[in-house]
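Have the sequence and the 3D view open as you read.

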Amino acid sequence: MSGPSPAGRRSLALALTVVLGLAASAATARVLDTGRPSLPAALADEAPALSPEAARRLSLGFGGLAADWYWLSALQYVGRKIEAQTQVALPESTAAVELDRIKAVDPKVLVRYFELITTLDPRFMAVYEFGAVVLPAVDVPAAVTLLEKGIQANPDQWYLHQQLAYISWQRGDYLAAADAFRRGARMTTAAWMEHMAERMERQGDDPHVARAMYTRMYEQAQDDQVKQWALKRLMELRSLQERAAIRGVLSGFVTAHGRCPGAWSDLTAALRTAGLTVDPQGPPLDPSGTPYVLVVSPLGCDVSLHRSSTVPRG
Amino acid sequence: MLATTDTSSAATVAAARPRPSSRRRVVAIARNTFREAVRDRVLYNLVLFVLLLSVGAVFLGAASASQDAKIIVDFGLGAMLLFGAFIAIFVGVGLVWKEIERRTLYAIFAKPVGRGEFLLGKYLGLCVTLALNVAVMGAGVTLVLVYVARGTPPLLAALWPTVGLIYLELTILTAVALLFSAFSSSIFAVFGSLAVFVIGHFTADLKGFASLLDVPAARAALVAIYYVLPNLSTFSLITPAAHGIAPPAAYLLAALVYAIAWDATLLAAAALLFARRDFR
């Protein structure tokens with residue numbers, strides 16, 4: 001019985017080379033990934049060199065595709081920055097809302113990305129939405145400019161007026177926020193925008209206005225990150241309200257007994273009456289389902305969030 | 001009768017002549033490929049490169065607010081990669097295709113030359129041409145840098161390792177071009193090679209994008225593409241070089257191993273496909 005022919009042996013050797021070569025390249029790729037020389041942070045964060053107009057001309061009709069590419073790059077840039085800040089953050093701030101850690105980004109880089117994307121594809125709505133949430137933390141005028149650009153390019157999108165109103169509201173400019181809501185209200189039959197404009201004018205700093213604002217953002221947001229961010233903001237507002245109610249209950253107990261309660265179980269009935277969600281074992285639960293902590297000190301008693309709670313600490 | 005005698009004596013002489021070793025056959029084909037590239041004026045691109053570099057050095061440098069050295073390195077190495085890539089792809093595809101078109105392939109295979117040896121010889125011949133090309137271009141960039149710095153510029157330390165990496169990338173592109181031309185038409189081979197060149201520079205980004213995806217299957221697919229296609233951005237350290245950042249020796253060694261692994265893989269695959277190709 002004879003073995004394989006010389007041609008067969010050659011083919012086998014070549015096939016083996018292919019397999020071994022691929023395996024070696026995959027193994028080396030991992031080494032190269034970790035060893036690749038990186039630019040210093042200041043150089044690595046250089047804004048894209050191409051001006052938006054030059055990029056539009058060079059895109060040769062593939063503006064949408066180029067915008068998608070810059071969008072992904074912008075997300076990666078923001079993600080990298082949030083990740084870097086998470087690694088140096090103090091334990092107390094680890095539960096802060098992710099997009100709020102955006103202060104580490106270079107506004108020039110982010111603004112250039114947003115300019116590029118919206119010039120290449122002016123109807124890229126997610127960019128305006130993301131920009132309205134992210135940019136005010138680092139460059140408020142740039143955020144307003146971006147939204148105004150979006151409104152000009154998308155005159156049928158009342159949603160952008162809501163985003164613009166949010167930026168003004170965050171700055172404490174309630175009249176500008178009301179004006180933005182009114183402009184949006186003229187474009188939609190939904191009465192809530194007009195209603196929001198009136199509330200803004202009356203009492204823009206009211207927590208109920210804040211809740212309404214974040215609820216609308218949560219409902220309207222297309223971007224999942226923005227949705228999650230709005231949800232966390234709502235949790236924070238609810239927790240602030242709950243803690244105010246718990247402090248009221250604590251104050252009532254101290255007045256009645258002349259001392260702080262020894263445990264949450266002393267207050268279960270009162271907490272339930274105040275409309276709080278209470279764990280069967282006693283402690284009230286925050287919006288993330290984590291028990292609140294009863295803090296008793298010589299100065300008095302108070303309530304705080306548990307370390308493991310995912311409710312933002314503001 | 002006389003004719004029969006002549007033929008048999010010629011056959012006797014041929015049989016008596018020692019058959020050259022495989023290595024010598026490969027070297028002969030490589031040498032011939034290099035000569036052919038020179039004859040085809042492939043190296044004329046160097047003239048264009050020098051012209052571009054001179055214009056870049058004089059005009060861009062003057063208008064760059066003392067960033068002339070950086071711009072020269074960016075410009076020179078970028079042009080080196082692009083020129084080299086076009087030579088590797090277009091000449092690489094032509095290496096096999098021209099032999100088929102001119103029907104000279106039949107004459108070659110009538111001699112004791114294996115198909116694998118033919119491919120390897122062609123590959124090495126073009127690699128030598130590219131090495132000369134890259135070396136001359138590197139020397140050109142060095143001279144311009146020395147000229148603008150009026151001495152030895154600090155960027156030189158990062159320049160030559162980066163030139164070496166560009167050359168490694170070009171060897172992979174040559175192997176890609178040979179792989180495609182081993183089984184397909186010249187047009188498909190050119191488009192396929194260009195696609196690998198473009199995608200190869202984005203595979204690292206694909207891996208980055210994979211981390212943004214929530215769908216595990218899509219994430220796995222992107223990571224698979226990263227490992228199945230050569231990551232050519234490994235060899236593209238032009239931006240760090242323009243800032244004077246040289247790749248460490250360990251990285252250069254790993255890049256060399258990576259390039260050899262891909263060269264071997266692609267050439268072996270090309271030889272496998274070429275061995276099955278029917279030229280009738």
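## Where the chains meet

In this predicted model, 22 residues of chain A are in contact with 28 residues of chain B. On the chain A side, two helices each supply at least two of the touching residues: α1 (6-35) and α4 (63-88). The largest share comes from α1(A), with 15 residues.

## Chain A in outline

Chain A has 13 helices and two strands. It runs to 314 residues, and buried ones make up 32% of them. If you look at contacts between residues at least 6 apart in sequence, 54% of those in chain A join residues at least 24 apart.

How far can you trust the coordinates? The mean pLDDT of chain A is 81, with 89% of its residues at 70 or more. One stretch to watch is residues 90-96 of chain A, where the pLDDT is below 50. Beyond near neighbours in sequence, that stretch has ten contacts in the model. Where pLDDT is low, the predicted coordinates should not be read in detail.

| Helix pair | Axes come within | Crossing angle |
|---|---|---|
| α9 (174-185) and α10 (192-203) of chain A | 8 Å | roughly 165° |
| α8 (159-171) and α11 (207-220) of chain A | 11 Å | roughly 145° |

Take α9(A) and α10(A) to begin with. Their axes cross at roughly 165°, and angles over 145 degrees count as roughly antiparallel, so that is how these two helices run relative to each other. The crossing of α9(A) past α10(A) is left-handed. On the α9(A) side the contact uses A:Y174, A:L175, A:A177, A:A178, A:F181, A:R182, A:G184 and A:A185, while α10(A) answers with A:M193, A:E194, A:M196, A:A197, A:M200 and A:E201. By type, the residues of this contact come out as ten nonpolar, one polar and three charged.

Now for α8(A) and α11(A). Here too, α8(A) passes α11(A) in a left-handed crossing. From α8(A), the residues making the contact are A:Y159, A:Q162, A:Y166 and A:W169; from α11(A), they are A:M213, A:R216, A:M217 and A:Q220. This contact divides into five nonpolar residues, two polar and one charged.

## Two residues in chain B

Over in chain B, click on B:V163, which sits in helix α7 (residues 156-183). Is B:V163 buried or exposed? The cut-off for buried is 20 or more other C-beta atoms within 10 Å; B:V163 has 22 such neighbours, so it counts as buried. Leaving aside neighbours within four places in sequence, B:V163 is in contact with B:V134 and B:G138. B:V163 and B:M80 are 83 residues apart in sequence, yet their C-alpha atoms are 8.4 Å apart in space.

B:R103 belongs to the loop between α4 (68-101) and α5 (104-110) of chain B. Its phi is near 65°, a positive value in a residue other than glycine. How many other C-beta atoms lie within 10 Å of B:R103? The count is 9, and a residue with 12 or fewer is exposed, so B:R103 is exposed.

Key
Residues are numbered from 1 along each chain as its sequence is written. Chains are lettered from A and ligands numbered from 1 in the order in which they are written. This is a predicted model: local features need pLDDT of at least 70, side-chain atom pairs count only at pLDDT 80 or more; totals for chains, interfaces and linings use all residues. Helices (H or I, at least four residues) and strands (E, at least two) are DSSP runs, numbered from the N terminus. Two residues are in contact if their C-beta atoms, placed from the backbone, lie within 7 Å. Axes are lines fitted to C-alpha atoms, for helices over the stretch in contact, and angles run from 0 to 180 degrees between N-to-C directions. Angles under 35 degrees count as roughly parallel, over 145 as roughly antiparallel, 65 to 115 as roughly perpendicular and the rest as oblique. A crossing is left-handed if the near helix is turned anticlockwise from the far one by less than a right angle, and right-handed if clockwise. Ala, Val, Leu, Ile, Met, Phe, Trp, Tyr, Cys and Pro count as nonpolar, Asp, Glu, Lys and Arg as charged, and the others, Gly among them, as polar. pLDDT is the predictor's confidence in each residue, from 0 to 100.
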